[in-house]
Amino acid sequence: MSDITMNISNDFETSKISFEDFREIILNDYKLAAESRYVSLLGRKEVLTGKAKFGIFGDGKEVAQLALSKVFKEGDWRSGYYRDQTFIFASGISNIYHFFSQLYANPDLEADPSSGGRQMNCHFSTQLIDSAGNWYNQTEQKNSASDISTTGGQMSRVMGLGLASKLYRENDQLEYLNYFSQKGNEVVFCTIGNAATSEGVFWETLNAMAVKQIPVVLSVWDDGYGISVPNAVQTAKSDISEAIRGFQRDSAGTSGVEIFKVRGWDYAALCEVYERAAKFAREEHVPCVVHVTELTQPQGHSTSGSHERYKSAERLEWEDAYDCNVKFREWLLTSGVANAEELAHIEKEAKAFVRTEQRRAWADYHKTIQVDLDESIALLSEIPHPMVDLPLKMLQSLAEPSLKEVYANVRRAIRDLRQVNVAGKEALVSWYKEKMAINHSRYNDKLFSDTNESPLSLVMTDTVYDDDAAVVDGREVLNACFKENFIRDERILAFGEDVGKIGDVNQGFAGLQEKFGELRVFDTGIRESAIIGKGIGLALRGLRPIAEIQYLDYLIYAMPVLSDDLASLSYRTKGTQKAPVIVRTRGHRLEGIWHSGSPMTVLLGGLRGMHVCVPRNMTQAAGMYNTLLRSDEPALVVECLNGYRLKEKMPSNVGEFTVPIGVAELIRPGKDVTVVSYGATLRVVQEAAIELEKLGISIEIIDAQCLLPFDREQLSVKSLSKTNKLLVVDEDMPGGATAYLLQEILETQKGYFLLDGQPRTLSAKAHRPPYGSDGDYFTKPSVDDVVEVVYEMMSEYNEQEYPKLYS
């Protein structure tokens, strides 16, 4: 471990530049440090005076981040956290105007290019795609993955961002993608707070990047605390670089990481460390950890609390003395680089510039509101009715207006005028409707990227079968599909537990590693978060990853990465970043508590922003993969675990036919009851239909095929208009996906008005299934359960013809 903790000095390599140039660089750095500190101080005041909702800042980390910015080059990537403002300013990814615009939540993407007002301050992002979804040249800009607030959440995607450089360097077939990489020379710079190194995702990712030897420089900002919890409680040995010492590589060519330790107020040492670490990563693809110690956090964790409550007087005194900006200033004076008058002038200019940019950002944000406010006042003023007096006066008296107050008063006026026919009312209502479309764009659009390559707009290709089509195991259809897609598109790669050598546990990738090589089909360790993060990073850099999670139950271990990062990526960047990851897994009907879960409720609640596909067989799954691999939005595909060895016909266009996303399919026509299901329970329903026919009951069966989105063509309600009775069947927990489907059919599709009786759901019991076939029978919907629930529905409708079974 390189332990660089010498006192600051001016031992720079100055032979290549003049002293004046050297001095200008350092004084410019000091100016940036001063500006960034004033941003933090002023930002906190803006929150405490009510102009902004919440603030979190990077004060106390300025000098280390200036040093880091010096080795951050065009084409490189950042995956950071919400203390990186100085690094961001110094690298040009964002500026002070954009910072305050984000603090005020300005919904204009020009004002806040990182998120269009959707993220709190200090959450940065670079725009990677244009409005049509076309990629910008990543080698011509400094790139930042969109920040997320979950501490440690930035770690997982580092795996993919770094692995992309490795693949671009080692896979000659990717050379044509030169707008994503210049022969893999890019470094990923990840930053994390010292407390967040206690989280599992840190250790999972650290281990994975050490194994894969990817070009990452990971900075740990160590200010001694995680909010109020000191390092002694957080970390073994109270020191993360000591705790990870076993990861230090022994010699060149071995797996492991290079570890550096340096004090966060030591400008010269920081510059030296980052130059060495970046060289290791860029040239040799060796991951490096830079543990930056003795940092401070002058304003505490955020605007929601005060650090004086938990820090001792001695600690606070030390922080005042060892504030990195204070130490930087001392060094500039003692080394003769600048005098006190020069530094005071720099500080004064910095403060004035920050104040100017803050006022400009506030004025522009206020203009956004003022337009809507002025228009609403004008419209209300034209309505000659006392009912509008109060909302009008409320709007006219607003000192610091918000869009919420504007529209709350307009809507109140519209409600109060509901039974009044008065001049100006129609104009007000019309204006409100027009503005709702604008406000949707401000606050609600881009859950998906919605580009020209959306899977919902892809032209479909029908399945073709030869007359003598072979009948094979379902897994063989999948395998052939993957093989054809790998041939078609060099960007596609697949990875996960047991995916490489044995071709996954159910042989979907059998033989593909041998054919396409270990750079495109490879194994990973048991680390679900890192697997998904790997997919995100690779997709951000232009590749097309299939990230496999071995079983559906295990997907839960990756949910924070899936939900917080991947599913929200398009929305939180307002469509300026995309990561078309396909997450492949399998589930349903396997026996036992730990391998038979169907947590669709969790997925539906946590994965808005991803497509959730639930194919009934492997042919349908193959068609969905063909669609998704030609599209640019993320998706989860849940294959039926008990379907791999069921016989299916092999399509002659196995790599070309497509299945539309979000389109349900009529499986069996019927006249008495509409039954909607998906996945493994669909076959249960099909078997039940045969038994029900014997009882004189005809059910119409609809395969949902996709839960997000569900039934875009509204096949369910069309069926319901014929049967007037509805049953939804799955093997999720009660009140889970079945409740979601009921809402979609009865509310969204307005099927409620077509019902002749109570809609019903049939799901698994609230507990996980016990082991064994008997446990499965009494826990999850069986053929008998479906038959008897349908029969009971018919009995309620016509008891004379269908007398009760259990009276």
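Author: Lys51 is partly exposed, at 29% relative accessible area. Here buried means under 20% relative accessible area, exposed means over 50%, and partly exposed lies in between (1.4 Å probe, protein chains only). This is a predicted model: local features need pLDDT of at least 70, side-chain atom pairs count only at pLDDT 80 or more, and totals for chains, interfaces and linings use all residues. Residues are numbered from 1 along each chain as its sequence is written, and side-chain values use heavy atoms, without hydrogens and water.

Lys51 forms a salt bridge with Glu46. The term means a side-chain nitrogen of Lys or Arg within 4 Å of a carboxyl oxygen of Asp or Glu. In this pair, the closest N and O atoms are 3.6 Å apart. Glu46 is buried, at 6%.

Next, take Asp84 and Arg78. Their closest N and O atoms are 3.1 Å apart. Asp84 is buried, at 0%. Arg78 is buried too, with a relative accessible area of 0%.

Now a link across the chain. Lys574 and Asp445 meet in a salt bridge, 3.1 Å from N to O. They stand 129 residues apart. Lys574 is in the loop between α20 (569-572) and β14 (582-587). Asp445 is in the loop between α15 (425-443) and β10 (471-473). Helices (H or I, at least four residues) and strands (E, at least two) are DSSP runs, numbered from the N terminus. Both Lys574 and Asp445 are buried.

Some bridges share partners. One such network joins Asp504, Glu548, Arg584, Arg586 and Glu639. The structure holds 50 salt bridges.
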